[in-house]
Amino acid sequence: MKVPFVNLGMQYDSLRGPINEAVQNVIDETAFIGGKFVSKFENEFAEEYGAKRCVSVANGTDAIYLSLRALGIGAGDEVITTSISWIATSEVISQTGAQPVFVDVEPDGLTIDVEKIEEKITPKTKAIIPVHLYGAPADMSRIVQICGKHNLYLIEDCAQAHFSTYHGQKVGTFGDIATFSFYPGKNLGAYGDGGAIITDDEDLADKVRMIAQHGSLVKHHHLVEGVNSRLDGIQAAILSVKLPHIHDWNRKRFEAGTYYIQQLREHGDKVKLPVIKDAHGHIFHVFCIRLESESVRDRIAHALSEAGIQNGIHYPTPLPLLKAYDRLGHVPEDFPVAYDACSRMLSLPMFPEITREQQDYVCQTLLGLL
Ligand SMILES: *Cc1c(COP(=O)(O)O)cnc(C)c1O
């Protein structure tokens, strides 16, 4: 049996008619850039989220970069973020001219360790970017409290967590602004690149839009130097077709996640499983387990691939230990939890349409390899 890591084709099959029609409509109207399909999706996403404004952009990386710029963050500033994420989260901090400051992760969910944030705050600190990793929320009540106490902006990186909740409240609604990616493999994915921010702060939304449009909201009136970052009409129209299904897909991922946990729970001494802290707060963008050691992980990853089971590592190296951050001079002991987790983690196949049969095959194969 073959088990893919994700299966975007199955999802397309279930929506083939409406998606083809949506793409055809955009072409018929030649609404390729900007226009009604883009504003329609922005309104729908903001409404579904319960946010005042949504501004669509070219991808999830730009969404974070533009949020930082719109908040006025740049040279001389420091921005605190987590040590396990995709490099997008931290590279954009440097691109504004600010310095990323990394914090180790907590051992269960591998999101930013809230107990280690305050020791990294300096007079230069301007913002915190928590990442809701793998679809599970960071510890938002503590992060909100720290931001309030130290007067810091809060930017939530929700690229892996569309509509995930923390104590019943949607992630992305805790801070000043939240960022999303619609990369095809994300829980809500386009058929190309896409991204967005949501915020309740109208001025901030306008600033993001302005910087994303070469620094102008009014044609030829460039107030600052910006960038070119926009969602195209075809992607927006596809996202509008997919949006009504996101809760159903998230629920299916949650069910698949809990099924994996049930099947593997007895072997907890050898397989560390994701912890579900809050029912339905986890939307399992990634199902990440941890094995006994790096050599066991590498052996099992290889053997699963040989058995037709695609797998991945999210992510093999903590951000601060990547070559890109040599300048910061970090060593593994600075981030012991992240360093240990990254060396042992393995992501199993996860997508809404995964069948029990496929999951049983993954679990049996995995257990046979322990
Ligand atoms: C995917 C991702 C991004 C970047 O999104 P793109 O659309 O690929 O630019 C940022 N942060 C996290 C945590 C991600 O997983």
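Residues are numbered from 1 along each chain as its sequence is written, and side-chain values use heavy atoms, with hydrogens and water left out. Because the model is predicted, local features need pLDDT of at least 70 and side-chain atom pairs count only at pLDDT 80 or more, while totals for chains, interfaces and linings use all residues.

Reader: How many residues surround the ligand?
Author: A residue is near a molecule if one of its heavy atoms lies within 4 Å of it. The closest residues are Gly60, Thr61, Asp157, Ser181 and Lys186. The number of residues that surround the ligand is 14.

Reader: How many residues of the shell around the ligand are polar by class?
Author: Ala, Val, Leu, Ile, Met, Phe, Trp, Tyr, Cys and Pro count as nonpolar, Asp, Glu, Lys and Arg as charged, and the others, Gly among them, as polar. The shell has four nonpolar and two charged residues. Its polar residues number eight.

Reader: At what distance from an oxygen atom of the ligand does a polar side-chain atom of Thr61 lie?
Author: A polar contact is a pair of N or O atoms within 3.5 Å; within protein, one must be able to donate a hydrogen and the other to accept it, and residues adjacent in sequence count only if both atoms are side-chain atoms. For Thr61, the distance is 2.5 Å.

Reader: What share of the area exposed by the ligand alone does the protein bury?
Author: Accessible areas come from the Shrake-Rupley method with a 1.4 Å probe; for residues, only the protein chains shown count as cover. Taken alone, the ligand exposes 380 Å². The protein buries 92% of that.

Reader: Which elements give two or more residues to the shell around the ligand?
Author: Helices (H or I, at least four residues) and strands (E, at least two) are DSSP runs, numbered from the N terminus. The elements that give two or more residues to this shell are α3 (60-70) and α4 (88-95).

Reader: Is Ala63 buried or exposed?
Author: Ala63 lies in helix α3. Buried means under 20% relative accessible area, exposed over 50%, and partly exposed in between (1.4 Å probe, protein chains only). Because its relative accessible area is 0%, Ala63 is buried.

Reader: How far apart in space are Thr82 and Phe102?
Author: Thr82 belongs to strand β2 (residues 78-82) and is buried, with a relative accessible area of 1%. Along the sequence, Thr82 and Phe102 are 20 residues apart. Their separation in space, C-alpha to C-alpha, is 5.4 Å.

Reader: Which backbone nitrogen does the side chain of Glu106 reach at 2.8 Å?
Author: Glu106 is placed in the loop between β3 (99-103) and β4, and at 14% relative accessibility it counts as buried. A polar atom of the Glu106 side chain lies 2.9 Å from the backbone nitrogen of Asp108. The backbone nitrogen reached at 2.8 Å is that of Gly109.

Reader: Is Gly50 buried or exposed?
Author: Gly50 is found in the loop between α2 (36-49) and β1 (53-57). Gly50 lies 123 residues from Thr173 in sequence and 8.3 Å from it in space, C-alpha to C-alpha. With a relative accessible area of 55%, Gly50 is exposed.

Reader: What is the relative accessible area of His214?
Author: His214 has a positive phi of about 55 degrees, although it is not a glycine. The loop between α6 (202-212) and α7 (233-242) holds His214. The residue is partly exposed, with a relative accessible area of 41%.

Reader: Which residue does a cis peptide bond join to His314?
Author: The omega of this cis bond is about 15 degrees.
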